[in-house]
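Here are a few exercises to work through with the viewer open. Try each task yourself before reading its solution.

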Amino acid sequence: MKIIKLIQNETIKTLKKTSTKIIIIISVLALFASVGLANLVISLNGYVSYFMEENWKEEIQTQIAEMKRTLESSENHYDTYSNAEIRAQMETYELALKYDINYLYNYSPNYWKVKALSEIEVAKQNLILNRDIKDEGIQKENEKIVNERIEALEKNDHSKFIGILKEEAKQKYDNKKIEKEAYENEIYLLNLREKYEIYTEDKIEGNWRETVYNDIVSMKECLKTGINRQTGKLLKIEEIEKLKDDIKIAEYRLENNIQVLSSATSARGIYDGIAPSFALMCVSLLIIITSGSIISTEISKGTIKFLLFTPNKRWKILLSKILSTLIILVVLTLILSLLSVIIGNIFFEDAGNTYLYVENGEVKTISNFIYTILYFLASDIDIIVYMFFGILLSVLTRNTALSVGVSIGCYVGSGIVMNILNTLISADWVKFIPFNNMGLQDAIFANNVSFTMVQNMAGTGNTNVGFSLSVLAVCVVLMIVTMFDSFNKRDIV
């Protein structure tokens, strides 16, 4: 009962501080700021899309005129190949204008048309170069490529274009140019494109399907090569199984119209991605400041004497302060996670996407409400480590400015330093550095970001959640032993 009373007193003391109240208010405001930022990003995306869609025709016309002058100029010193390339590009640009396809920026909501034009351009270049060689086989093949794709563009028929690609894949297989496995994989991907109308969206909001499809393409390629693109090493058995599970999840997303949670193509997706970071950053600062001053402030003010004069043992005093800080962290995290869901539901039309994972070979779902709470709590792992680090410094140095300053410095700068180290050093010992094992919320809920984004993330790439938790747990245990030993043995009064 005595320790419970100590915890209550410590909690009340912390919550009464003006700085605590201010940071809590800022944490809540950060959620509303996330709403504004999400809407701003979508607006900017719309503006960029509008700009590109409004100005591409004029730029293509300018380039066509320049190409014509180059080809007709007596000072044209380009070789045969370069002239063929210019002429093929010019004729393709003319087709882009004719069929209203933004080919200049290689950006179009209906990207299948851009793909068709790029294949037409290559075929046209081959036709021009083949005029002197006069190989009838090459001529007919390239004429067929051009004519079939132009017909698909004229009819605005995506299914016809997919049919063309399937037929060409079958011909490659029949002619022994590709193996059966490669052929079946290509047909599988083409069926996905046709069934879910990939690359046919007219609005940016639908482009998340392209991201999911591209993830499937990348994962299939990884399985084919057997190489982890992030590490450059051979895939382990568990990595192969994870890729297969991720493909199941991606197919489930397409089938059930479920976006990637951190998708940047919807305001709610952006909000769900940034709200935890913004809100918990404020909570992190509160916990670091509280833990960094938890003992040193008591000593500097002399109030620690009153605690030591009570019947409570020293270890109970320190333990009560630790538990009090943990309780404040967990309660604030739960409150902010609930507010995050409520604010998101109020300001956005959709209720947020579900989180997907695979269990016993089947895709399972977690509601956005439960996922948000769990993600916020998982984000507390880093904060807890910094909390113990701050308390340790407070006990050892007895200097509030030093302990808080060093803790905040590590919190802000550790990510940058570790990115540099991971880039410069490939040795295995780097993965044992505690700061290199943080950010576990994204590893625990790895399916909330696209596969391509995960592959592009900096990091050692050779650690897992269990390993990282073990490293952090060892560090926390060492800090706890050190701080209790110092607090019990050193002369405080």
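Axes here are lines fitted to C-alpha atoms, for helices over the stretch in contact, and angles run from 0 to 180 degrees between N-to-C directions. Helices (H or I, at least four residues) and strands (E, at least two) are DSSP runs, numbered from the N terminus. You're looking at a predicted model, in which local features need pLDDT of at least 70, side-chain atom pairs count only at pLDDT 80 or more, and totals for chains, interfaces and linings use all residues. Residues are numbered from 1 along each chain as its sequence is written, and side-chain values use heavy atoms, with hydrogens and water left out.

**Exercise 1.** Work out how helix α10 (residues 267–292) and helix α13 (residues 314–347) cross.

Step one: get the geometry. The two axes come within 10 Å and cross at roughly 155°.
Step two: classify the angle. That makes α10 roughly antiparallel to α13; the cut-offs are under 35 degrees for roughly parallel, over 145 for roughly antiparallel, 65 to 115 for roughly perpendicular, and oblique for the rest.
Step three: pick the hand. This crossing is right-handed, where right-handed means that the near helix is turned clockwise from the far one by less than a right angle, and left-handed means anticlockwise.
Step four: find who touches whom, with contact meaning heavy atoms within 4.5 Å. The contact residues include Y271, V283 and L286 of α10, and L329, L336 and I343 of α13.

**Exercise 2.** Repeat that for α10 and helix α14 (residues 368–397).

Step one: these axes come within 9 Å and cross at roughly 25°.
Step two: α10 and α14 are therefore roughly parallel to each other.
Step three: the crossing of α10 and α14 is right-handed.
Step four: among the residues that meet are D272, P276 and S284 in α10, and Y375, F376 and M387 in α14.

**Exercise 3.** Check the length of helix α7 (residues 180–195) and list its buried residues.

Step one: the expected span is 1.5 Å times one less than the number of residues. For the 16 residues of α7 that should give 22 Å, and the end C-alpha atoms are 22 Å apart, so the two agree.
Step two: buried means under 20% relative accessible area, exposed over 50%, and partly exposed in between (1.4 Å probe, protein chains only). In α7 the buried residues are Y183, I187, L189, L190, L192 and R193.
E197 follows α7 and has a positive phi, near 50°.

**Exercise 4.** Are T92 and Q171 buried or partly exposed?

Step one: T92 sits in helix α3 (residues 80–98). With a relative accessible area of 0%, T92 is buried, and beyond four places away in sequence T92 touches Y103, L117, E121 and K124.
Step two: Q171 belongs to helix α6 (residues 158–174). Its relative accessible area is 35%, so Q171 is partly exposed.

**Exercise 5.** Describe the pairing of strands β1 (residues 355–359) and β2 (residues 362–366).

Step one: two strands pair if DSSP finds at least two bridges between them. Five bridges join β1 to β2, and the strands run antiparallel.
E359 is bridged to E362, and L356 to T365.
Step three: inspect the turn. Two residues lie between the strands of this hairpin, and N360 takes a positive phi near 55°.
Step four: zoom in on V363, in β2. Leaving out residues up to four places away in sequence, V363 touches K248, I249, Y252, L356, Y357 and V358.
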